[in-house]
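The sequence and the structure are shown below.

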Amino acid sequence: MASYVVGHKIPDSDSIVGAIALAYLKNQIGETVIASRLGEPSPETQFILDKFGFDAPILKTSYAGEGVYIV
């Protein structure tokens, strides 16, 4: 079963990029982890994602009963 990595409720660049980075690292060492977010990315964060060719993490608002990493 996959775990999720998520930042705070109003995601800024740090929480979005941190979630992507930790999910990547965990997947590289053999743990299935999915980057997620609790809200919409700011325009600045969306610019960063677009600039470097990344999609925003999935929007997920409930993590009850699931494995979670918080960045």
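## Basis and terms

A polar contact is a pair of N or O atoms within 3.5 Å; within protein, one atom must be able to donate a hydrogen and the other to accept it, and residues adjacent in sequence count only if both atoms are side-chain atoms. By this criterion, the side chains of Arg-37 and Glu-40 form a polar contact of 3.4 Å.

The model is predicted, so local features need pLDDT of at least 70 and side-chain atom pairs count only at pLDDT 80 or more, whereas totals for chains, interfaces and linings use all residues. Residues are numbered from 1 along each chain as its sequence is written, and side-chain values use heavy atoms, with hydrogens and water left out.

## The sheet

Helices (H or I, at least four residues) and strands (E, at least two) are DSSP runs, numbered from the N terminus. Two strands pair if DSSP finds at least two bridges between them. Four strands form an open sheet in the order S3-S2-S1-S4, with parallel pairing. Strand S3 (58–59) and strand S4 (68–70) stand at the edges; each has a single partner strand, so one side of each is left without a neighbour in the sheet.

S1 and S2 run parallel and are joined by three bridges, with Ile-34 in S2 as the bridge partner of Tyr-4. S2 and S3 also run parallel, joined by two bridges, and here Arg-37 stands opposite Leu-59 in S3. Burial is judged by relative accessible area: buried means under 20%, exposed over 50%, and partly exposed in between (1.4 Å probe, protein chains only). Four of the five residues of S2 are buried, which leaves this strand mostly covered. In a regular strand the side chains alternate between the two faces of the sheet. In S1, Ser-3 and Val-5 point one way and Tyr-4 and Val-6 the other way, and all are buried.

For a helix, the expected span is 1.5 Å times one less than its number of residues. The 16 residues of H1 should therefore span 22 Å, and this agrees with its end C-alpha atoms, which are 22 Å apart. Just after H1, Gly-30 takes a positive phi of about 95°. Contact means heavy atoms within 4.5 Å, while axes are lines fitted to C-alpha atoms, for helices over the stretch in contact, with angles running from 0 to 180 degrees between N-to-C directions. H1 lies across strand S1 (3–6), S2 and S4, and runs at about 175° to S2.

The buried residues of H1 include Ile-16, Ala-19, Ile-20, Leu-22 and Ala-23, and the buried set packs against S1, S2, H2 and S4. Ser-15 lies in this helix and counts as buried at 5% relative accessibility. Apart from neighbours within four places in sequence, Ser-15 is in contact with Gly-7, His-8 and Val-71. Val-17, also found in H1, is partly exposed, with a relative accessible area of 39%.

## The contact of H1 with H2

The axes of helix H1 (residues 13–28) and helix H2 (residues 43–52) come within 9 Å and cross at roughly 35°. Ser-13, Ile-16 and Ile-20 in H1 meet Glu-44, Thr-45, Ile-48 and Leu-49 in H2. The residues of this contact comprise four nonpolar, two polar and one charged. In this grouping Ala, Val, Leu, Ile, Met, Phe, Trp, Tyr, Cys and Pro count as nonpolar, Asp, Glu, Lys and Arg as charged, and the others, Gly among them, as polar.

## Ser-36 and Arg-37 in S2

Ser-36 is placed in strand S2 (residues 33–37) and counts as buried at 1% relative accessibility. Its side chain makes a polar contact of 2.8 Å with the side chain of Tyr-63. Not counting residues up to four places away in sequence, Ser-36 touches residues including Tyr-4, Val-5, Val-6 and Ala-19.

Arg-37 also has its place in S2, and with a relative accessible area of 12% this residue is buried. Beyond four places in sequence, the residues that Arg-37 touches include Val-6, Ile-16, Leu-59 and Tyr-63. The side chain of Arg-37 reaches the backbone oxygen of Gly-39 at 2.9 Å. The C-alpha atoms of Arg-37 and Ala-56 are separated by 8.2 Å, although these residues are 19 residues apart along the chain.
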